[in-house]
Each structure stands twice: as structure tokens, then as C-alpha cells.
Amino acid sequence: MTKLERLQNAYNPESFRKDGHLLIDKLANHLNDSFNNTNKKTLFWAPPEDELTYWKDYLENETSESFFDNLIQHSINLHNPKYIGHQISPTLPLMGLTGLAMSILNNGMGIYEMGVAGTAIERVVTDLLCKHIGYSNESTGFLTAGGTLANLTALLSAKKAFGNENHSNLGVMVSDQSHYSIDRAITIMGLSTANVIKIPTNKNFSVNVSALETSYAEAKSKGIDIFALIGNAPSTATGAYDDLEALASFAKEKQIWYHVDGAHGGSAIFSSTYKPLLKGIEHADSVIIDGHKMLMMPALTTALLFKNENHSYNTFSEKADYLLELSEHKEWYNLAKRTFECTKHMMSIHWYAIIKHYGVSIFDDFVTTLYDSGKTFAKLIGANPKFELAVKPMSNIVCFRYFDSDLNDISLNTVNETVRQHLIKEGDYYILQTKIKNNTYLRCTIMNPFTKEIHFKTLLNKIETIAKTY
Ligand SMILES: Cc1ncc(COP(=O)(O)O)c(C=O)c1O
């Protein structure tokens with residue numbers, strides 16, 4: 001075969017049709033098996049070196065027909081109700097279709113011509129998010145690849161707004177429960193992580209509002225100029241929401257940027273029950289919300305919303321005559337002027353398709369169900385003397401540990417770590433662990449709306465059995 005014939009073969013629409021139908025059938029079966037938990041492990045565990053060998057051998061020795069079957073079998077299964085691990089959505093099946101369309105259409109999105117529909121759709125989606133936050137018509141936003149990048153972009157805007165661009169002793173204030181992406185952003189910005197002033201938290205792991213003034217004064221005494229205050233909505237480790245209203249007042253008083261990291265729980269703007277947790281979010285200069293965490297979308301898609309649209313244009317100002325002809329003009333439709341990315345996934349279609357098919361009320365259904373499940377799980381834990389909650393959950397993130405009054409903290413840490421290792425290798429349930437006040441706690445984020453009381457009970461029984469044999 002010639003080069004061209006081989007390419008024609010690879011681009012053959014009829015093969016795509018046939019393979020595509022087969023794959024959709026496979027994935028539909030996978031979803032069915034996952035929800036009904038038939039012969040399905042949540043986590044396929046293998047030591048990294050073994051898995052590497054497997055895929056090296058597979059490339060050499062196997063035919064491509066079995067690729068997707070093997071891939072499904074070896075992948076962690078987010079649709080299994082026993083997945084109670086990291087904060088990533090079990091995607092709506094509809095997302096398989098938008099993902100497919102996105103990959104084939106492959107619109108680059110950097111400039112309007114490279115994403116005519118995707119760009120307009122992105123505007124519709126981000127305007128809708130601004131409205132739900134409670135912003136006025138002066139607001140705007142865009143989508144970007146993940147919370148980490150969105151936090152960085154927001155802080156870059158904040159620094160620009162503060163003015164003193166070349167000042168190296170700038171800093172931010174955030175609770176001691178903040179996500180590490182804040183520290184990373186500060187490093188990328190060429191500032192010292194020592195200038196990330198960690199405000200102490202209260203016993204619920206929300207920011208201690210009465211410590212704000214002291215933290216600010218301490219920073220000042222070290223010569224650090226605070227340019228932004230960041231609120232957690234909620235924190236990653238324990239799912240604690242900060243008092244966003246109090247933080248807003250403080251930021252206003254000090255005339256500094258107020259950013260809300262709502263990567264996980266900013267989505268509660270849609271919840272009929274839990275929206276009050278976000279009281280004060282409407283005062284934030286910028287807010288981030290991850291679609292791939294609590295809104296059933298595939299990774300990565302994050303909305304970065306600005307209260308004042310001018311700020312969204314100030315972050316970047318590079319000249320690129322081949323791409324952005326009128327570099328100095330505000331053009332909402334040329335997204336690369338405002339996003340870190342040049343080429344970007346046509347990610348807006350995930351958001352739009354969900355809203356179009358099911359209405360925004362499905363976001364309420366999802367967030368409210370999961371946060372309610374957090375309470376259900378915590379109640380079961382609280383009722384069993386063999387377990388100890390780290391804190392009463394405010395969201396769907398629940399931290400607890402196996403507890404035995406005869407054991408000291410060091411032994412309890414070992415027991416809980418052993419339990420998790422056992423669970424990982426077994427692969428039935430997938431949960432995490434974290435350190436809270438130097439002790440090991442098991443950390444669960446209920447991401448699947450079909451995780452029910454029976455799953456929680458079975459998990460607790462399993463943990464108790466493993467811990468007792470230790
Ligand atoms: C509060 C918070 N902010 C930011 C991030 C980073 O988001 P991403 O993983 O989308 O980069 C996370 C991720 O867990 C998070 O929990």
C-alpha cells in the first residue's frame with residue numbers, strides 16, 4: 001500500500017461507523033454492568049511496573065480488536081456506585097456523544113473562525129453561570145482546562161488589577177486548607193510560596209474569620225503586599241465551605257481581589273438546598289467551577305467567571321499578528337485573548353448539551369443528591385462507635401477513621417492505612433486517605449448518585465472486618 005492508501009484506510013468513514021457502533025455498545029454494556037454492579041471491580045489494581053509490561057507486550061503481540069475491552073477492564077470505574085474516591089464525575093452518557101463530536105470536529109477555539117459555534121455556545125454557557133452566581137450584566141467568563149489553570153489565570157488577573165506588576169513581594173491570603181494549585185500558581189507567577197499566607201481554620205476547617213486581620217497584619221509586617229484573598233467553596237480535604245460573605249467584606253475593606261475557588265462546590269449555585277453555602281459568592285471578583293467535578297462532565301472543563309468583564313481581558317496581552325489581528329481590542333469571541341490556552345477543546349458543548357437535553361435542574365438533582373448522601377453516610381458513621389468522623393460534612397466529602405479506644409493515634413494511623421491498602425488491592429470499593437491534624441483519615445467523596453445506604457453499610461462492615469484482623 002502507498003502512504004496515501006494507508007491514510008485513506010485510516011480515515012475510512014465506514015470503518016468509523018462500524019467501530020463506533022461497536023464501541024457504543026461496549027460502553028453501554030459497561031455502564032449497565034457498572035450501575036448494577038455485575039462482576040465489576042471498581043479499581044483494577046496492578047503494580048505500576050506490571051501494568052507497564054502489560055501494555056508494552058500488548059502493543060507488540062495483540063490485535064487491535066481487543067483494545068477497548070482491555071482498556072475498560074484496566075481502568076478505574078467511576079460509574080460503579082462503590083467508587084467513592086476522587087472528585088471526578090461519573091460522566092453522563094450524553095458526554096460520550098459530545099466527546100465524540102468534539103474529537104471529530106476538533107475545532108481549535110483559539111480564535112472565532114476556529115470555533116464559530118463552540119465560541120458562541122461558550123458565551124451562552126458562561127453568561128448562564130454568571131447569572132446563577134448572582135453577577136450583574138457586567139460580568140463575563142470563559143472555559144479553560146481545569147481548576148489548576150483557572151486558579152492561576154484568576155490570580156494573574158488579580159495581580160494585574162493590583163497594578164504593581166514587577167513587585168516581587170506580593171502575596172495572597174487563603175485558608176490553611178487550600179488546594180495546592182494556589183501554591184503552584186504563586187510559584188509559576190514568580191512569587192515565593194512563603195507569600196501564600198495561610199489563614200488558620202476553625203474546628204470545622206472553615207477559615208477562622210477572626211484571624212483575618214492578624215494574618216493580614218503579619219504579612220504586612222514582613223513587607224508582603226497582599227493582592228488577593230481566596231475563599232474555599234469548599235476545601236479539598238474535608239469539603240468545608242468558608243464564610244464567603246465575611247471574606248468578601250474583608251477583601252472589600254482592604255481593597256484587594258477576592259477569588260472564590262469553587263472548583264468542587266461552586267456547582268452548588270444550582271442546588272435548591274445547598275445554595276446558601278455560597279452566600280457572598282456574588283461579591284467575588286472571580287470564581288471557578290469545574291464541570292468535571294460536580295457537573296457530570298468529562299475532564300477537563302472549568303469555568304472562570306469574572307464579576308467585571310474588563311478584568312478578564314487584562315490577564316494576557318501578548319501580540320500575535322497571525323492569530324489575533326487586533327491584539328489591543330476587546331473581542332469576546334476571540335477566546336485566546338483571555339485564555340491560557342491557544343488551541344482549546346470545544347468543551348462548551350458538554351455544558352450546553354446537558355442544559356439543552358435536561359435543563360439546569362439536572363445540576364440541582366446531581367449536587368443535591370450527592371450532598372444529601374454525604375449526610376446519610378456521616379449519620380451511619382456517627383452511629384457506630386468503631387468509627388470517628390473528622391468533622392460533620394458540609395458537602396459530599398466525608399472524612400472518618402476506624403477507631404478503637406485501646407489504640408493510640410500512631411496505631412490507629414497504621415490500621416487505617418492498612419485498611420486502605422487492603423481496599424485498593426481488593427478493588428471492590430475505591431476510597432482515599434488524607435492527613436488531618438497529623439492523623440490518617442479515610443476520605444470519601446460521594447460522586448455517584450447511585451451510591452446508596454447499602455453501599456455505605458457494606459463499606460463500613462468491610463473496614464471493620466479488615467481493621468479487626470490487623
Ligand atoms: C478546591 C480545588 N481547587 C482546585 C482544584 C484543581 O482542579 P483540577 O483538578 O481541575 O485542576 C481542585 C482539585 O481537586 C480542588 O479541589
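Two residues are in contact when heavy atoms of theirs lie within 4.5 Å of each other, and this sense of touching is used throughout the report below.

## About the model

This is a predicted model, in which local features need a pLDDT of at least 70 and side-chain atom pairs count only at pLDDT 80 or more, while totals for chains, interfaces and linings use all residues. Residues are numbered from 1 along each chain as its sequence is written, and side-chain values use heavy atoms, with hydrogens and water left out.

N77 is found in the loop between helix 4 (67-74) and helix 5 (93-105), where helices (H or I, at least four residues) and strands (E, at least two) are DSSP runs numbered from the N terminus. Not counting residues up to four places away in sequence, N77 touches H30, S34, K40, K41, T42 and Y83. With S34 there is also a polar contact from side chain to side chain, at 2.9 Å; a polar contact is a pair of N or O atoms within 3.5 Å, and within protein one must be able to donate a hydrogen and the other to accept it, while residues adjacent in sequence count only if both atoms are side-chain atoms. Why does N77 count as buried? N77 counts as buried because its relative accessibility is 3%, and the term buried stands for under 20% relative accessible area, exposed for over 50%, and partly exposed for values in between (1.4 Å probe, protein chains only).

H455 belongs to helix 16 (residues 453-469) and also counts as buried, at 15% relative accessibility. The side chain of H455 reaches the backbone nitrogen of K452 at 2.8 Å. Leaving aside residues up to four places away in sequence, H455 touches P81, K82, Y429 and F450.

## The ligand and its surroundings

The ligand is surrounded by 15 residues, of which the closest are G147, T148, T236, D261 and H292; a residue is near a molecule or strand if one of its heavy atoms lies within 4 Å of it. An N or O atom in the side chain of T236 is 2.8 Å from an oxygen atom of the ligand, and an N or O atom in the side chain of D261 is 2.7 Å from a nitrogen atom of the ligand. For K293, a polar side-chain atom lies 3.1 Å from an oxygen atom of the ligand. On its own the ligand has 390 Å² of accessible area, and the protein covers 86% of this, with areas taken from the Shrake-Rupley method with a 1.4 Å probe and, for residues, only the protein chains shown counting as cover.

Which elements give two or more residues to the shell around the ligand? They are helix 7 (147-162) and helix 11, and helix 7 gives the most, with three residues.

M297 lies in the loop between helix 11 (291-294) and strand 7 (302-306), and with a relative accessible area of 0% M297 is buried. Among the residues that M297 touches, not counting those up to four places away in sequence, are S89, M95, H292, W351 and F363. The C-alpha atoms of M297 and H422 are separated by 30 Å, and these residues are 125 residues apart along the chain.

L300 is found in the loop between helix 11 and strand 7, and a cis peptide bond with omega of about -10 degrees joins A299 and L300. Another cis peptide bond runs from A233 to P234, with omega near -5 degrees, and P234 is found in the loop between strand 4 and helix 10 (244-254).

## Helix 8 and positive phi values

Helix 8 (residues 180-188) has the buried residues S181, I182, D183, A185 and I186. What covers these buried residues includes helix 7, strand 2 (170-175), strand 3 (196-199) and strand 4 (225-232). Helix 8 is followed by G190, whose phi is positive, near 80 degrees.

F205 is found in the loop between strand 3 and helix 9 and counts as buried at 6% relative accessibility. Is Q255, by contrast, buried or exposed? Q255 is exposed, with a relative accessible area of 71%, and its phi is positive, near 55 degrees.
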